[in-house]
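Subject: Structure handed over, with notes on what was found

Dear colleague,

I am passing on the structure we talked about, and I would be grateful if you kept it open while you read the notes that come after it.

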Amino acid sequence: MPWRLLKIGLRGAHKEPRFFPEPADLRDSYDVVIIGGGGHGLACAYYLATRHGIRNVAVLEQGYIGGGNTGRNTTIVRSNYLTPDGVRFYDASVRMFQRLSQELDINLFYSTRGHYTLAHSDEAMRTMRWRAEVNRHLDVDSQVVDRDAVGRGIPGLDLDCGGSQPVMGALYHAPGAVVRHDAVAWGYARAATNNGVEVHQKTRVTGMQVENGRVCGVATDRGNIRCGAVVSMVAGSTPRITEMAGLSTPIEIFPLQACVTEPVKPFLDTIVVSGSLHVYVSQSSRGELVMGASVDPAVLHSTRSSFEFVEGLADRIVDLFPFTARLRINRQWAGMSDMTPDFAPIMGTTPVSGFYLDAGWGTWGFKATPISGSTMADTVANNRNHELIEPFRFDRFADFQLVGEKGAASVGH
Amino acid sequence: MPFRRSEAGPREWIDRHRTVHFTFEGTRYVAFAGDTITSALQANGVQLLGRSFKYHRPRGALSMANHDVNALFTTADDTNVRGDVTPVTDALDVRPVNVSGSLARDAHRHLDRLGRFLPAGFYYKAFHKPRWLFPYWERLIRRRAGLGTVDSAWTPRRRPKRYGYCDVLVVGGGPAGLQAALGAAEASLDVLLVDENPHLGGSLDYEWVTDPAAPAQRDELMEAVAASPAIRVLTSAVALGFYTDHWVPVSTPEGIIKVRARGVVLATGVIEQPAVFRNNDLPGVLMASAAQRLLHRFGVQACERAVLQVNNPEGFAAAEDLRRGGVELQAVVASGPGVQKADAAALVDAGVPVHFGWAIVEAHGDGAVAAATIAPVDAGGVPDQTHARRIDCDGVVSSAGWGPAGHLLYQAGGRFSYDDTLEMPVPVAWPDTVVPAGRMNGVFSLASQRDDGRDAAGRLAAALAGGPVSDPMSNRDTRAHATPWPVVPHPKGRDFVDLDEDLQYKDLIQGAREGFDNVELLKRFTTVGMGPSQGKHSNLNAFRILARYLGQGMDETGTTTARPMYHPVRLEDLAGRRMRPWRETPVQAWHGEHGGFLMESGEWERPSFYGEEADAQQVIASEVTAVRTGVGIIDVSTLGKIEVLGPDAATLLDGSYTMRQGNLRAGLTRYALRTDDTGVIVDDGVVGRLAEDHYYLTATSSHAEGTYQTLTRHALEWGLDVHVVNRTGQLGALNLTGPLSRRVLEPLVDVDLSEAALPRLGMTDARVCGEWARLLRVGFVGELGYEIHAPAGTMARIWDALMDAGAPLGIRPFGVDTQRVLRLEKGHIIVGQDTDGLTNPFEAAMPWAVHLKKPWFVGRPALAHLKGAEQRKLVRFVMAADSSAPLPRESHLVIRDGTIAGRVTSIARSPTLGRPIGLAMVDRDLAEAGQALAIRGDGGRMLAAEVVTETFYDPDGLRQNADAPEVTP
Amino acid sequence: MQQLDCPIIGRRPISEFVYGGEVRRPPPGDAPLADVADHAFNRTGQPTVLREWWFHRPTGRWFVLERNTLSNVVERVVPPQEVAYAIPTL
């Protein structure tokens, strides 16, 4: 029994300190306003306060902290991207994640499980090799493994996939991990508020004041706020915010759905993804299979669920793991994803001075939480893009300088 | 101690004439057909049915309504089976879940004593320091995870899903649902009535039994429903969720039926909510409706001597019901606004001690209930412990209140509000075509439930007729049916709010105190409502606790989202029949019969080559040689084949492709490259012109449908008078190619094959073997060749005839892998392999394919700017012929100065040239003739290559002359 | 499953349809880069009534709908002439 639990047990849980402070009144001025109290926004606030000494910061969250895509994703962390820009960025994120529990003093259940991206065709094998080569060039542990190695690494997997699209091999990414998503938001929220940041839940931004090309405040449903910088770190609502700032972006909103089964005893230790079958699956520390697929086929600003999503997913999962046929889906849900044309985020400075954007996270924003927070904090503090996010800059579309992740990640959790 | 009554009840589900034998934990038991696992075990006196998720506390029956997730079982071919609703069958072998050893002597039962060290969210607060120890803790914790165990030998039962259509779907076959179904049928609507139970009747089966008027009403309703030709009934059928456009999947024992209804009546009833007091989880503590279900459906008496907590009129009725059923009522405690003394008259008359203003504060027992402590409570529900009294009993039954089974209404866009009179949430808004009825709608008496069902059907009929929908009649009750505070916290805890997740009162308070003080955060921190029953008997009490903690109202406190599924549903049922449609070319059978090594390619299966996999390299090389020196034939029926007709045909193709197609002469073809708005290459193919207003074009196999869609959309978008016909499936195609191809074909056609008559890139309709066909003199592989397109019905005949005619000349069929080598020798790209999702034609070294002289085509605006701006370029490279080192593979990287400078997109050892050749996408400044490339191969070995500019094979295209001396007969 | 009104054969499940995205008119062939990029990449991302292309696979027909992307309600079928434009030809 760890000492910490002994202490709680002997002293009584009622003596536990508050995780979050009592909510404060909303003031009429802050140095920095961060829109969005998910992992990204809270991390940015934390790093602004701790690394850059900027503590007069308000995080405004329309619902509750971590209630957007931070709390709706399937919690996978990895860095096996295709482009060097992507690999460097996510590798930095993985490294931060690995030590985050200790830094934030909260057990995030960061669990390195290994991550297989199955390939069912020559084309897919080529892409896997491309990713493996780029990853290894940048010291990220990814390798192409053959069909037999997949069979050994994922007991119970039907390599013939029920009779069509047999597995030919996979990209194996040893650092692939899962982590308790909610706890990431809570850990950052606590650490940020401990350093002077204010987090205001149930506070919706309704407008933005821009004068002479410079942002000078936001309007909320609890009153107006003057500020020197506004950082939009929302997902699903990005176009509403950029519209307030008078900016056009390529971002479109597509629902992304997920579901879990009832808990069963652990049988799946690794994370398994199949781009061809459009599924990804892992087993949580509670014993549930956590599963998802690609985004819904049409733009929609809604978190409604669809039955065809679970039907299609079940069809594929039963092909991959026939013995899971009796497992029962317990719950399905959806988030709203910011999709960009090149499957890469849009980060950093914008044509509106003092307005910073951290958006376009598609279906993979959660795994970037620490690095987005830290690079955005650096960007805001210095008013220039951190080098790791420069490839993801706002104006790359105007220059036709897109990021080449599209080849890798139609379903890349 | 529960036991089976000897006399049969009028509504029993069991068939006392048929016994079944089953085994539980190795012990053999007898049950009746119709028993569930739980009812059978209860009848056999077995109360200990499971161990809880976290503390491994003993648990028994609670709801008997598909919410008993502490009584889950594993059978030979299933797990997490809910004992309260799953029938026992003969020879069924049932084991408990989440138990190490036996239920009674579960090795983890001591965890219960560690509860104080494992408060809500404990795992966030420990195990992470030091970092290196976490994996150890994690393994330990992970081993504890989960409930049932899956068996890797299980095989899926994939059954077809079915579709159901109706005017009105009624969910719930209780009094309101039955009446609603009748009402809708009377309005000439086609009705589907579904109920999750094996029999219709709902609460009429077990709850209204003591109401003298009820049996007649039940019989009347059931008979009318059975007699109505407009009503179809499905029992054991769970409506899983409500999805967009009245799409309600219904799970049945035979699989899922996806029901599309025009309107839905939700008469889904209420879910009884437990009272919270110390040890309220002991086997023998159950809800009144559960005791009644056991009694009337299964003839099982839940206990012999009970203490009852009653907070509503239903509770008094249940008490009287149990008393008449033979249970000795040791005490009935009753408190709160739902209690009227008049309701207890029968009990009092029968001499039952009824304590008004009292509540249960604790249950006692070791593994099963042995006693209960009751005490007076004040108006706020706080007990006066000084007057507490302990009463021996073997059952504790509570009727504390109800929560609406409003999941589907919520999913349909309905809203609920907490009714302070009824003391439960009730619907306050819903769509016109999705109407609540009955107890879920706050309607309680039997008569008013029927009124509400009739009213719901009437309003739904009006909505479906498009007429005005009247305001709902309010049939809602005007008195409380619950206590607003069914919670008696105990200083020593074990007062469970969520039995799925082992959450006690103090866990919720602790969560709120730590700042997780809204419903969503509290849920996520404590996991309340996240267990298998999804909060069906924990959410309402948890929200009450949070509301009281925050000093605010229930509506202000809010609720979590009720997501599908209503009850969990098996993956195999969701998956349904396995359906993977595939397509076959007209020559498919031939490939199989002649050694084709078949590989899946999208919806098709195509031969990679003809031979054994082990000999692939040699076979491919010999097929290449056959094509280069003799004649080969390949099935290319998978190509997209599209006919474009009409006065604007040329405009459509000029606008859709990068090259000019409008100036093409009839009888000729031209390469066709398609880009998107961003200038990125999408697909390529060949466009041929047959007449001024008639084109025929091909697209790659994977873009056949996409090309058709793009062209038809542009036709509309640009207002063109043109007709686009996708003939991909209707026509087959083959490519007969090699220097001897003309000699093979000539005797079989009715057209002149000379270079003058059918020149290179020419196209003509002809008769091949007497059948209509279209000949295209195009060659992906760089030899003289004829693509022959013909109707699928005649293609095989043509193929066979060519094989026969070519036999003396050594004709060889060749596969896709061979074709890839051949085209690489010729330097042709494969879109999607040599290009990626961002490659434009300039990067692909195909500036000649971009006709910027055209004022407009899709991609032109972008390509006009991208010309000359490319930062990378596709190059040809060669490697030393004598190298014995393994070749680099496709996707290996080009490295310069330790950084990535490109990648190999295609590579092969060329049988024709005798050396390795390839294509690579490299940084622009490396794209010069003679430039040395360093390619990192397997194992990090660096391999040298050299950029060349000239086409590897036959740069001047001399081999494609139909009149060349070696090709003419 | 959601249904869409196919103009040819009426209400059909959405699985029969292909989403074609927002209706946008391209810039002229010689447009400045900024206009080209705006058309090629930028989209109306915020919730609104969006004009969008849909393709019904069984009938092989494209059509244009006005759909509320917040409520998912189709408000109007747009006649193709309303979105058609002439392209310049040589």
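Two residues are said to be in contact if their C-beta atoms, placed from the backbone, lie within 7 Å. Please keep in mind that this is a predicted model, in which local features need pLDDT of at least 70 and side-chain atom pairs count only at pLDDT 80 or more, while totals for chains, interfaces and linings use all residues. Residues are numbered from 1 along each chain as its sequence is written, and chains are lettered from A and ligands numbered from 1 in the order in which they are written.

Between chain A and chain B, 71 residues of chain A are in contact with 76 residues of chain B. The largest share of the side of chain A that touches chain B, seven residues, comes from H9(A), and the residues of that side divide into 32 nonpolar, 22 polar and 17 charged. Strand E17(A) and strand E31 of chain B (residues 569-570) run antiparallel and are joined by two bridges, two strands being paired if DSSP finds at least two bridges between them. In this pairing, A:Ile329 stands opposite B:Val569.

Within chain B, three strands form an open antiparallel sheet in the order E21-E22-E23, and its edge strands, E21 (358-364) and E23 (389-392), each pair on one side only. Six bridges join E21(B) to E22(B), with B:Ala363 opposite B:Ala372.

Also in chain B, helix H6 (residues 288-298) and helix H7 (residues 313-324) pack at an angle of about 35°, with their axes 10 Å apart; axes are lines fitted to C-alpha atoms, for helices over the stretch in contact, and angles run from 0 to 180 degrees between N-to-C directions. The residues in this contact include B:Ala291 and B:Leu295 of H6(B) and B:Ala318 and B:Leu322 of H7(B).

With best wishes

Note on methods. Helices (H or I, at least four residues) and strands (E, at least two) are DSSP runs, numbered from the N terminus. Ala, Val, Leu, Ile, Met, Phe, Trp, Tyr, Cys and Pro count as nonpolar, Asp, Glu, Lys and Arg as charged, and the others, Gly among them, as polar.
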